[in-house]
Amino acid sequence: MIKRRSLLALTGLDLLTSAVLAACSPKGGRASADATGSQFLDALHVHTPTTLAYAAPMTSFGTYGYLDALVGEVTKDNWASVDVLKSLLLNGETDLAAVPSYVPANLFSKGVDVRLLAIQVWGMQYVIGPVGSAEQGLEALRGKTVGVPMPGNMPDLIFRYLLGQKGWNVDTDLTIQSYTDGQEALGALLTGTVEYCVLPEHPASMSLTRAQQQGKSLERTVNLQEVWASVTGGEARFPMAGLAMPTALADRSDLVGAILSELEAAVDDVNAMSEETVDAISSVNEVPADVVKEVIPRLQLQIVSGADAKDELEDFYTRLATLNPDIIGGSLPAGDLYISDPR
């Protein structure tokens with residue numbers, strides 16, 4: 001249980017108990033009406049992965065007071081894999097989930113009652129390699145073995161897409177070694193199993209810190225956000241991760257507005273990097289404060305409602321779908337996937 005109002009009190013994550021989908025769900029029983037007839041949630045159940053890109057802005061979520069009139073308490077738990085995340089959404093066991101941006105599109109296209117509330121992470125992927133490789137950029141990877149986490153998912157698809165757009169043949173110009181997740185890929189890089197590795201934040205920053213501790217010298221060989229800009233002609237960013245919620249809650253404009261206000265306050269705090277906020281993120285997520293400070297500017301945190309991000313999302317989905325259309329459920333989702341800002 002996360003008690004609101006005191007950021008310094010955030011010292012850990014409790015395990016989430018059994019949850020239900022929404023006030024009107026047959027699994028319900030945790031919502032009640034206040035004196036005005038508005039639905040009051042006894043608890044808002046939030047799920048995030050452990051990487052800082054998702055977890056940092058959610059560390060203080062629920063502490064700013066915007067939810068006080070609508071929610072009794074905010075509980076937080078982690079999801080361990082995309083499969084677990086999908087199960088939580090399918091079974092109505094989460095009210096708000098920090099997700100890769102393609103997950104709501106995939107589930108929505110398959111008929112699941114889920115909506116995309118907002119995008120908050122706008123790209124934070126890098127290729128890490130030996131010191132001196134940054135001068136060559138992508139060319140440093142030619143003929144090399146590159147570790148890439150999550151085959152068939154976002155890190156893999158973004159990397160392969162960009163290489164293809166730059167004229168590379170991913171089957172002959174380099175060797176891609178797939179790993180289950182970022183931590184496994186990071187381990188391969190640090191042990192020398194691979195010389196280069198595609199990593200998101202915060203594993204990218206951790207790789208530099210751990211390598212230095214082991215007497216090795218690594219650097220950011222390629223900023224994939226910059227490559228994206230050169231390929232698309234747009235900004236050095238892409239809608240990488242956001243927040244999803246069940247339709248029953250997404251239909252409540254009062255709750256949606258309060259959550260967006262809460263998220264914006266949390267992101268503003270993180271981007272400001274006050275000592276209090278950095279210490280809280282470090283404590284809750286068990287990441288050294290100096291690494292937190294290194295990572296935050298690279299997370300590209302900004303809350304943009306699903307509806308306002310629709311054009312960028314559809315462009316992003318279309319590009320990734322050229323490699324794997326199943327990632328968005330086979331086709332672009334209908335427009336009602338995207339939640340508008342009701343404020």
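Which strands does H4 lie across, and at about what angle does H4 run to E7? Helix H4 lies across E6, E7, E8 and E9, at about 140° to E7. Such angles run from 0 to 180 degrees between N-to-C directions, with axes fitted to C-alpha atoms, for helices over the stretch in contact. Helices (H or I, at least four residues) and strands (E, at least two) are DSSP runs, numbered from the N terminus.

## About the model

This is a predicted model, in which local features need pLDDT of at least 70 and side-chain atom pairs count only at pLDDT 80 or more, while totals for chains, interfaces and linings use all residues. Residues are numbered from 1 along each chain as its sequence is written, and side-chain values use heavy atoms, leaving out hydrogens and water.

## The sheet

Let's start with the strands. An open sheet of 5 strands has the order E8-E7-E9-E6-E10, with mixed pairing. Strand E8 (175-179) and E10 are the edge strands, each pairing on one side only. From one strand to the next, the twist averages 30°.

Strand E7 (residues 145-149) pairs with E9 in the parallel sense over 2 bridges; pairing requires that DSSP finds at least two bridges between two strands. Opposite Cys197 in E9 stands Gly147.

## Helix H7

H7 lies across E6, E9 and E10 and runs at about 20° to E10. Within H7 (residues 224-232), the buried residues are Leu224, Gln225, Val227, Trp228 and Ala229. Buried means under 20% relative accessible area, exposed over 50%, and partly exposed in between (1.4 Å probe, protein chains only).

Their cover includes strand E6 (125-130), helix H4 (154-165), strand E9 (196-200), E10 and helix H12 (310-321). Just after H7, Gly233 has a positive phi of about 80°.

## Arg220 on strand E10

Now look at Arg220, which sits in strand E10 (residues 218-223). Arg220 counts as buried because its relative accessible area is 16%. Its side chain makes polar contacts with the side chains of Glu201 (2.7 Å) and Ser205 (2.9 Å). A polar contact is a pair of N or O atoms within 3.5 Å; within protein, one must be able to donate a hydrogen and the other to accept it, and residues adjacent in sequence count only if both atoms are side-chain atoms.

Not counting residues up to four places away in sequence, Arg220 also touches others, including Tyr126, Ile128, Leu208, Glu294 and Arg298. Contact here means heavy atoms within 4.5 Å.
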